[in-house]
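This report describes selected local features of one protein chain. Please look over the sequence and the structure below before reading on.

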Amino acid sequence: MKRGISLCIGILLLVGAGGVYADEVTENIQAIVIETFDDPTGQEANSHIWIARGSKYASVIETDQGSVAYPQWAYVESYPEALFRRPPEGKTLRVFGIHGKFDLKGYNYVELFPVREENGEYVPDPIVLPGRVKEMDLWVWGSNHNYTLEAHIQDYMGRIHVLDFGSIKFKGWKNLRVKFPGAIQQAVQYVPSLKQLSLVKLVLWTTPEEKVDDFYVYIDQIKVLTDLFETGFDGDVLANPEQVQDLWANAPAPGRE
């Protein structure tokens with residue numbers, strides 16, 4: 001009997017220690033594309049403007065036409081055939097291409113940022129991830145260089161979590177996937193409980209032994225596997241930050257200056 005009571009207490013302690021809230025038990029798992037790279041203007045749905053920035057030893061090549069700074073980047077017309085057997089009619093499929101050169105071998109990196117234009121300049125504009133994210137995957141075209149790729153994810157407290165997609169030492173297109181650790185907090189006990197994560201950037205790393213004088217990498221379709229279930233309750237409209245902002249903006253407040 002004592003053993004049974006101890007077992008029940010143990011289970012309750014485990015549940016309490018894990019901080020499991022109701023919406024983390026019932027799930028509505030969906031796969032959602034957050035970036036297609038098909039629209040260089042970032043105007044279409046699931047589309048953003050991206051730029052690339054190299055680390056210290058990124059090459060600057062002098063040509064007859066002037067200086068060319070690397071990495072170069074472009075929205076190249078292409079696609080993984082494993083993802084699309086043929087392009088949808090009337091649709092131009094593009095991928096984000098990086099052409100890199102570094103002057104020295106080492107732990108060089110290329111950062112890929114989603115951005116927005118502000119006063120004529122591009123500023124970082126992290127992509128808010130829907131729901132409570134379980135996994136993220138993307139397509140990478142590798143040229144058999146021994147490089148690695150990682151995603152930088154920001155939580156609601158501003159903390160950055162680095163998730164490793166691993167090596168891109170392969171030829172052609174490959175789908176890479178990374179799981180989100182449970183330690184990354186995506187909910188709290190207070191309303192609104194959902195605390196969404198954001199994709200801040202992707203980072204491509206070179207390794208010290210690998211050549212870096214001239215390489216290409218392409219990236220396509222970033223997707224998340226996420227839980228969209230949220231428990232409804234009487235008054236849940238007042239727990240939606242966007243709706244709350246609208247309601248308060250239009251609410252009369254007699255006597256308030």
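Trp-205 is partly exposed, with a relative accessibility of 25%; buried means under 20% relative accessible area, exposed over 50%, and partly exposed in between (1.4 Å probe, protein chains only). The model is a predicted one, in which local features need pLDDT of at least 70, side-chain atom pairs count only at pLDDT 80 or more, and totals for chains, interfaces and linings use all residues. Residues are numbered from 1 along each chain as its sequence is written, and side-chain values use heavy atoms, with hydrogens and water left out.

**Aromatic pairs**

A search of the whole structure finds nine aromatic pairs. Rings of Phe, Tyr and Trp (its six-membered ring) pair if their centres lie within 6.5 Å; planes under 30 degrees apart count as stacked, over 60 as edge-to-face and the rest as tilted. One of the pairs is Phe-102 with Phe-215, stacked at 6.3 Å centre to centre with 15° between the planes. Phe-102 lies in the loop between strand S6 (94–100) and S7, and Phe-215 in strand S15, so this pair ties together parts that are 113 residues apart in sequence. Helices (H or I, at least four residues) and strands (E, at least two) are DSSP runs, numbered from the N terminus. Phe-102 is buried at 4% relative accessible area, and Phe-215 is buried at 2%.

Tyr-109 and Trp-205 form a tilted pair, with 5.1 Å between centres and 55° between the planes. This pair links distant parts of the chain, with Tyr-109 in strand S7 and Trp-205 in strand S14, 96 residues apart. Tyr-109 is partly exposed at 28% relative accessibility. Elsewhere, ring pairs link Phe-37, Trp-50, Tyr-75 and Phe-96 into a cluster.

**Strand S7 and its partners**

Which strands pair with S7, and in which sense? Strand S2 (residues 49–54) pairs with strand S7 (residues 109–118) in the antiparallel sense over six bridges; two strands pair if DSSP finds at least two bridges between them. S14 and S7 are also antiparallel, over four bridges. Val-110 has a place in both pairings: Gly-54 stands opposite Val-110, and in S14 the bridge partner of Val-110 is Leu-204.

Strand S8 (residues 121–124) runs antiparallel to S7 and is joined to S7 by four bridges. Glu-117 has Tyr-122 as its bridge partner in S8. S7 and S8 form a hairpin with two residues between them, and Asn-119 in the turn has a positive phi of about 55°.

**Salt bridges**

A search of the whole structure finds 13 salt bridges, a salt bridge being a side-chain nitrogen of Lys or Arg within 4 Å of a carboxyl oxygen of Asp or Glu. The table lists some of them.

| Arg-116 | Glu-118 | 2.9 Å |

Arg-116 is partly exposed at 36% relative accessible area, and Glu-118 is partly exposed at 36%. Are Lys-223 and Asp-137 buried or exposed? Both Lys-223 and Asp-137 are buried. Asp-155 is buried at 4% relative accessible area, whereas Arg-159 is partly exposed at 41%. Salt bridges that share partners join Glu-135, Asp-137, Arg-177, Lys-179 and Lys-223 into one network.

**Backbone features**

Tyr-70 and Pro-71 are joined by a cis peptide bond, with omega about 5°. Pro-71 is in the loop between strand S4 (66–69) and strand S5 (72–77). A cis peptide bond also joins Val-191 and Pro-192, where omega is about -5°. Pro-192 is in the loop between strand S13 (171–179) and strand S14 (198–205).

Asn-144 has a positive phi, near 70°, and lies in the loop between strand S10 (132–143) and strand S11 (148–154). Asn-144 is partly exposed at 31% relative accessibility. Gln-221 also has a positive phi, near 35°, but is found in strand S15 (residues 215–227). Gln-221 is buried at 12% relative accessibility.
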